[in-house]
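The sequence and the structure are displayed below.

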Amino acid sequence: MSGLVDYIRWRGDILLRQVPFGEVDALVLAELVYIDYHLFFGKEEGKTFGDLGKALFGVYDKKKIRELFLQMRASVKILAEAYKSPRYKDLVISKYTEQIEEGRQQQFCAMCVDLDEERQALVYSGTDDSLVGWKENFSMSYEDVTAAQSKAVDFINRYADERKKLLLCGHSKGGNLAVFAAMHCEQHIRDRIEFVYSFDGPGFRKEVLEQELFKAIKDRVRSIVPEDAVVGLLLYHPESMEVVRSERSGLAAHDATFWKVAGSRFVRGEGLSENAKLLDEIIDTWLESLSFSERKDAIAHVFGVFEENNIKYLSDFKHLSLQEISVLIDSAEKLDPKGKEVVKRALSLLYREGSKLITEKVYGSFSKIFQGKKQLRIEGRKVKRGIKA
């Protein structure tokens, strides 16, 4: 067993026309889309992953790479192998699009990759380091269509190659966008979609999954999550989630570069871990306890505190001094009474439902233990009395 980097080293000398594109190849692309193409080539078209690697490593030394946000560092590690690999280096990148609009709370990024003369991949990026992107993730719990989802549909309708079969993929929020784009794109485009890969991507509200548009593509969707999934369990998923093993646990398992690979496939797990199942149940119960307006208000107030203190990126939290943390707490204390009440209700419900479910799980486990011991005592008495079990 190995990880994504080892897979590229093992499979990288074999061209796609020799061994067809598969699930692990889709994840390679879903990781590479996090790298900002425009930093190196602007709007110039026709560049390959080989070109991207030469440009990036010609500018970025190890120190500069360490300063990148976590997901970008993981993607650079993948590019370090892929840009020299015959399997990936000559694949042409086109229509790279990146938009961050703080006013509209939108973060969107996608690219097209020509796999061969017959197939094209449309690759959607997950959330970067920006709080704008993370706020939009949470807004999926109450909005019918987020700004990024709308952009995802526009992207496929505009750039899908009319001559080719299509494959859509994305990691994290990118997986959600890939599925949404497949649902809502034009019919003649949807008919040419072979697979949609969502790698640990958030799900959808229940009513979305009940729509005919989702049922039309359901059999082509591959929703893949690690055993210790967190992000991929947000909201609701179809029942056909595929669980894979990872070298990491908890939130760290979201880093798909550590998912285990054997041959050309991910190593399948036996199912979600007990921690993941419990978290999934807590989040679902919590969301069902809040109205859409309560979800929206709670998220707006929490992120409003961050914005007021000029925190725009997750990495900003690492550099906060004790004084700045104190200011952040003070800002939360200054929320208007309605804001405080909304946040307090959301957090108290989360705590209550989480505590209740944990208690039920613990009680159930102990009940089984005690029931087992009781059964052993009964069997023991039967043996003493010469009764057959």
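In which loop is Asp200 found? Asp200 lies in the loop that runs between strand β5 (193-199) and helix α11 (206-209). The model under discussion is a predicted one.

**Residues in loops**

The backbone at Asp200 deserves attention: the residue is not a glycine, yet its phi is positive, at about 55°. Asp200 has a relative accessibility of 1%, and therefore counts as buried, the limit being under 20%.

Ser172 may be considered next. Its place is in the loop between β4 (165-171) and α9 (173-184). Ser172, a residue other than glycine, likewise has a positive phi, with a value near 60°. Because its relative accessible area is 3%, Ser172 is classed as buried.

Thr48 is situated in the loop that links α3 (38-41) and α4 (49-59). With a relative accessibility of 12%, Thr48 counts as buried. Which residues does Thr48 contact, once its neighbours within four places in sequence are left aside? The partners of Thr48 are Lys89, Asp90, Leu91, Val92 and Ile93.

Is Ser240 buried or partly exposed? Ser240 counts as partly exposed, because its relative accessibility is 37%. Ser240 belongs to the loop between β6 (221-226) and β7 (242-244). From Ser240 to Val221 there are 19 residues in sequence, and the C-alpha to C-alpha distance in space is 8.8 Å.

The accessibility of these residues is set out in the table.

| Residue | Relative accessibility | Class |
|---|---|---|
| Asp200 | 1% | buried |
| Ser172 | 3% | buried |
| Thr48 | 12% | buried |
| Ser240 | 37% | partly exposed |

**A pair of packed helices**

Two packed helices are described by the angle between their axes and the distance between the axes. For helix α1 (residues 4-11) and helix α2 (residues 23-32), the angle is about 115° and the axes are 11 Å apart. The crossing of α1 past α2 is left-handed. On the side of α1, the contact is made by Leu4, Tyr7 and Ile8, while α2 contributes Val24, Asp25, Leu27, Val28 and Glu31. Sorted by class, the residues of this contact comprise six nonpolar and two charged, with no polar residue.

**Cavities**

How many cavities of 30 Å³ or more does the model have? The count is three. The largest cavity holds about 80 Å³ of space. Its lining consists of Met140, Glu143, Asp144, Gln149, Asn176, Phe180, Gly203, Phe204, Arg205, Val208 and Leu235. By class, the lining of the largest cavity has five nonpolar, three polar and three charged residues.

The second largest cavity has a volume of about 50 Å³. The residues that line the second largest cavity are Val179, Ser198, Pro202, Phe204, Phe214, Val221, Ser223, His237 and Pro238. Six of the residues in this lining are nonpolar and three are polar, and none is charged.

**The chain as a whole**

The protein chain has 16 helices and nine strands. Of its 389 residues, 49% count as buried. Among the contacts in the protein chain with a separation of 6 or more, 72% come from residues 24 or more positions apart.

Notes: Residues numbered from 1 in each chain as written. Predicted model: local features only at pLDDT ≥ 70, side-chain atom pairs only at ≥ 80, totals over all residues. Heavy atoms only, no water. Axes fitted to C-alpha atoms, helices over the stretch in contact; angles between N-to-C directions. Helix = DSSP H or I, 4+ residues; strand = E, 2+ residues; numbered from the N terminus. Left-handed = near helix turned anticlockwise from the far one by under 90°. Contact = heavy atoms within 4.5 Å. Nonpolar A, V, L, I, M, F, W, Y, C, P; charged D, E, K, R; others polar. 1 Å grid on protein atoms, 1.4 Å probe; cavity = no way out; pocket = protein on both sides within 12 Å on 5 of 7 lines; lining within 4 Å. Points joined across faces, edges and corners; volume = space filled by probe spheres on them. Buried < 20%, exposed > 50% of the residue type's maximum accessible area, 1.4 Å probe, protein only.
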